[in-house]
Amino acid sequence: MTTLGIACRSCGSTEVEMFLDLGDQPHCNRLIPPALAGQREPYYPLRVGFCRACTLVQIDHTIPKESMFTDYPYVSGTTKTLVAHFKETAERLTKTYGLKPGSLVVDIGANDGSWLAHYQPLGLRVLGIDPAANVVELALKRGVPTWARFFNETTADEIVSKEGKASLVTAAGVFFHLEELHSVIKGVKKLLTDDGVFVVQAIYLGGMLENLAFDQVYHEHLVYYTLKSIEALFAQHGLEVFEAGIVDIHGGSLEIHVAPKGKRPVGQSVVAMRADETAKKFGEFETYETFARNVWKLRDELLALLQRYKAQGKSVYAYGAPAKGATLVNSFGIGPELVQQATEKNPMKVGFMMPGSRIPIIAEDDKRPDAYLVLAWNFLSEFIAKEQDYFAAGGEFIVPVPKLQVIGKDAIA
């Protein structure tokens, strides 16, 4: 058994066994300006382990949160799919929990306010918490009250003092980022009203396993949850998951609804998901060993395909330069010799290079290649609908996840 040599981030056990070593990699979102092209940025271990005590999957190395999140290039409002998802979720949660005008909704990791903005027309008070000053500025410009700081127990005390307690606390795409994990949960518990609910949307480890989505492993993502492991985490704080399901965003995300233990009846959705995870052996180490073997098989297949494109004189660009894309290209040793450039619609990324691989990032539509390697595969359907003319002209998508495939003219509606 090869342990990671750390205490489990949830239960404290030292029985955290490694199953996937992606080597040393740079911080995935620390893009490289051309002026620093000749310098090597810091690299850190990227190893993934399974806690045999509570089943939490986690990485071993923690880059300080201040280094990763105080200036952040990801903007939630960039993709139409995510904005539509936030609108639907805001309306659904408001209706489900009968939130009244004036009730407070607090969003942890609120980014540019794309989610909270959909509660405001419903008459709710909102407050976003996010440590990245650059995206907080975007939220404030759109009229979404947002504090530039990390959420923890101290921040929760300040919110209660200044704004009162929250009927709804949310965390989308952030609950696996948390260096101060237990302090955050204590803060949420303090922040909720007596009948308040905490709703988490997070990468679902079950989906990662089924989709071979190893590229969702990077230093910002410290932990990867199944229902079983996240229930064990909340139980330590007297909190209980009473509803659970999968929402169709980011390749399938876990959505859980949490309240103090005994406050709300545990629904059939939780019972059903527990049974499903047991049947699929998500709590067994052998499942993760198989996952790791399949990652390296994908590497061999993708590299062979890209080499064929190169031998045929075809150009390949990356479609998007997301954080997950940095994990994929760096884990597989893909650089500009195989993928010449990456195209982006996010202006905060254009003109930089992807970390590690040094693939240059250009503005979307500046130039068209023979094929795109789709790194932001979680928005594939949106991209296919958008690129009908590109396919008609003979262009292709190389999609590595959930399975390696090439999409061309057959994708034309």
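## Terms and basis of the model

A residue is called buried when its relative accessible area is under 20%, exposed when that area is over 50%, and partly exposed in between, with a 1.4 Å probe and protein chains only. This is a predicted model, in which local features need pLDDT of at least 70 and side-chain atom pairs count only at pLDDT 80 or more, while totals for chains, interfaces and linings use all residues. Residues are numbered from 1 along each chain as its sequence is written, and side-chain values use heavy atoms, with hydrogens and water left out.

## The nonpolar core

A nonpolar core is a set of buried Ala, Val, Leu, Ile, Met, Phe, Trp, Tyr and Cys residues joined through side-chain atoms within 4.5 Å, and the largest one here has 139 residues. Helix 9 (residues 285-311) gives this core its largest share, 10 residues; helices (H or I, at least four residues) and strands (E, at least two) are DSSP runs, numbered from the N terminus.

Among the residues with the most contacts inside the core are Tyr119, Phe175 and Tyr225. Once neighbours within four places in sequence are left aside, Tyr225 is in contact (heavy atoms within 4.5 Å) with residues including Leu56, Phe175, Tyr204 and Leu254.

The axes of helix 9 and helix 10, which come within 10 Å, cross at roughly 80°, where axes are lines fitted to C-alpha atoms, for helices over the stretch in contact, and angles run from 0 to 180 degrees between N-to-C directions. Helix 9 and helix 10 are therefore roughly perpendicular to each other, a label that covers 65 to 115 degrees, whereas angles under 35 count as roughly parallel, over 145 as roughly antiparallel and the rest as oblique. Where they meet, helix 9 brings residues including Val295, Trp296 and Arg299, and helix 10 brings Leu328, Ser331 and Phe332.

Lys324 also belongs to helix 10 (residues 323-332). Lys324 is buried yet has no salt bridge, and the nearest side chain of opposite charge, Asp215, is 5.6 Å away; Lys and Arg count as positive and Asp and Glu as negative, while His and the chain ends are not counted. Apart from its neighbours within four places in sequence, Lys324 is in contact with Asp215, Gln216, Tyr218, Leu375, Trp377 and Asn378.

## Salt bridges

A salt bridge is a side-chain nitrogen of Lys or Arg within 4 Å of a carboxyl oxygen of Asp or Glu, and by this rule the count comes to 21. One of them joins the side chains of Arg52 and Glu17 (2.6 Å, N to O). Arg52 lies in the loop between strand 2 (44-51) and strand 3 (57-59) and Glu17 in strand 1 (residues 16-25), so the pair ties together parts that are 35 residues apart in sequence. Arg52 is partly exposed at 39% relative accessible area, whereas Glu17, at 8%, counts as buried.

Another salt bridge pairs Lys87 with Glu91 (2.7 Å, N to O). Both lie in helix 2 (residues 80-96), 4 residues apart, about one turn of the helix. Lys87 is partly exposed, with a relative accessible area of 40%, and Glu91 is partly exposed at 38%.

## Backbone features in loops

The peptide bond from Val401 to Pro402 is cis, with omega near 10°, and Pro402 lies in the loop between strand 16 (396-399) and strand 17 (405-407). Asn111, although not a glycine, has a positive phi of about 55°; Asn111 is buried, with a relative accessible area of 5%.
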